[in-house]
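Dear colleague,

I am handing over the structure below, and I would be grateful if you could look through it alongside the notes that follow.

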Amino acid sequence: MNHEVAIRAEGLTRKFGAFTAVDHISFSVEKGEIFGFLGANGAGKTTAIKMLCGLLQPSGGKASVGGFDIFRQTGQLRRNIGYMSQRFSLYEDLSPYENLRFYGGIYGLPRREIKPKAEAVLKKLGLWEEKDQLVSALPLGWKQKLAFSVASFHEPAIVFLDEPTSGVDPVTRRQFWHMIYEAAHQGTTIFITTHYMEEAEYCKRVSIMVSGRIQALDTPGKLKEQYQVSSMDEVFLKLTR
Ligand code: ATP
């Protein structure tokens, strides 16, 4: 079968002085795939994501995201992706409604489309009653679901999620994954990092990064087979210990 490629990295590298944070990583992600990008703290995941989002210059190698070169076509690239970063995704001093309208404006959605679209998102999330409260007053799980909706608001082809469920309770995490599956089902490519190994099982394929390098990349089933273990937790421990 001929699969469309959403992300392709070849020898992608980033150095900080003498330290190599991302060391010649190569992989590709198919359109509509949920790709888990795993690794211990400091393995280089965020650095790699920033390069793929056109936010950080690589020191070497090449990559394309949504068909756009991450070096030369950063403008087009950014319009075609959504990015939910680890620490900052929403304006805490704005309401959910204002956050959606603000990001809709930044991404150049027509004004007449923003209002109904924002309202539909808030209703779907079950946040209609809270739409005018400050985001800072919302529980973390709601913030993260809203942040995902904000990152997907302009209907990007590819969404990068950097530890979106970190610190979120198990029930809300399941709801979050429901949203991810729905987006993937509609053709959105999902590139996600997580420290929860049961979430790794929900991905179509996962890569495991150790000290800047990709040490393993396959479906969760094949990785467990390869390392002769019964859970992704054990695969992860074998590689990162
Ligand atoms: P975490 O799961 O903790 O977010 P990570 O896999 O995302 O970890 P990165 O944040 O990409 O890891 O960091 C990889 C390494 O690069 C770390 O050792 C970090 O200290 C280093 N690093 C990241 N950004 C910079 C920077 N701007 N200057 C110097 N070193 C950096």
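Two strands are taken to pair if DSSP finds at least two bridges between them, and it is in that sense that the sheets are described here. Please keep in mind throughout that this is a predicted model.

With that rule, 4 strands form an open sheet in the order E2-E1-E4-E5, and the pairing in it is antiparallel. The edges of this sheet are E2 and strand E5 (68-69), each of which pairs on one side only. Between E1 and E4, which run antiparallel, there are 5 bridges, and at Thr 13 the residue standing opposite in E4 is Gly 60. Strand E4 (residues 60-65) is also paired with E5 in the antiparallel sense, here over 2 bridges, with Ser 64 standing opposite Asp 69 in E5. The hairpin of E4 and E5 has 2 residues between the strands, and in it Gly 66 takes a positive phi near 60°. Helix H1 (residues 45-52) lies across strand E1 (5-16), E2 and E4, and its direction runs at about 120° to E1.

There is also an open sheet of 6 strands, whose order is E6-E7-E8-E3-E9-E10 and whose pairing is mixed. Its edge strands, each pairing on one side only, are strand E6 (81-84) and strand E10 (213-218). On average, and with direction ignored, neighbouring strands of this sheet are turned by 15° against each other. Within the sheet, strand E3 (residues 34-39) and strand E8 (residues 189-193) run parallel and are joined by 3 bridges; the bridge partner of Ile 34 in E8 is Ile 190. Helix H5 (residues 140-152) packs on the sheet, where it touches E6, strand E7 (158-162) and E8, and its direction makes about 155° with that of E6. Helix H6 (residues 170-185), in turn, lies across E3, E6, E7 and E8 and runs at about 150° to E8.

Turning to side chains, the structure holds 12 aromatic pairs. One of them is formed by Phe 27 and Phe 37, whose ring centres are 6.0 Å apart and whose planes stand at 45°, so the pair counts as tilted. This pair links distant parts of the chain, since Phe 27 is in strand E2 (residues 19-30) and Phe 37 is in strand E3, 10 residues apart.

The count of salt bridges comes to 12. Among them, Lys 143 forms a salt bridge with Glu 92, with the closest N and O atoms 3.3 Å apart. Because Lys 143 lies in helix H5 while Glu 92 lies in the loop between E6 and H3, this pair ties together parts that are 51 residues apart in sequence.

With kind regards

Note on methods. Residues numbered from 1 in each chain as written. Predicted model: local features only at pLDDT ≥ 70, side-chain atom pairs only at ≥ 80, totals over all residues. Heavy atoms only, no water. Axes fitted to C-alpha atoms, helices over the stretch in contact; angles between N-to-C directions. Contact = heavy atoms within 4.5 Å. Phe/Tyr/Trp six-rings, centres within 6.5 Å; stacked < 30°, edge-to-face > 60°. Salt bridge = Lys/Arg side-chain N within 4 Å of Asp/Glu carboxyl O.
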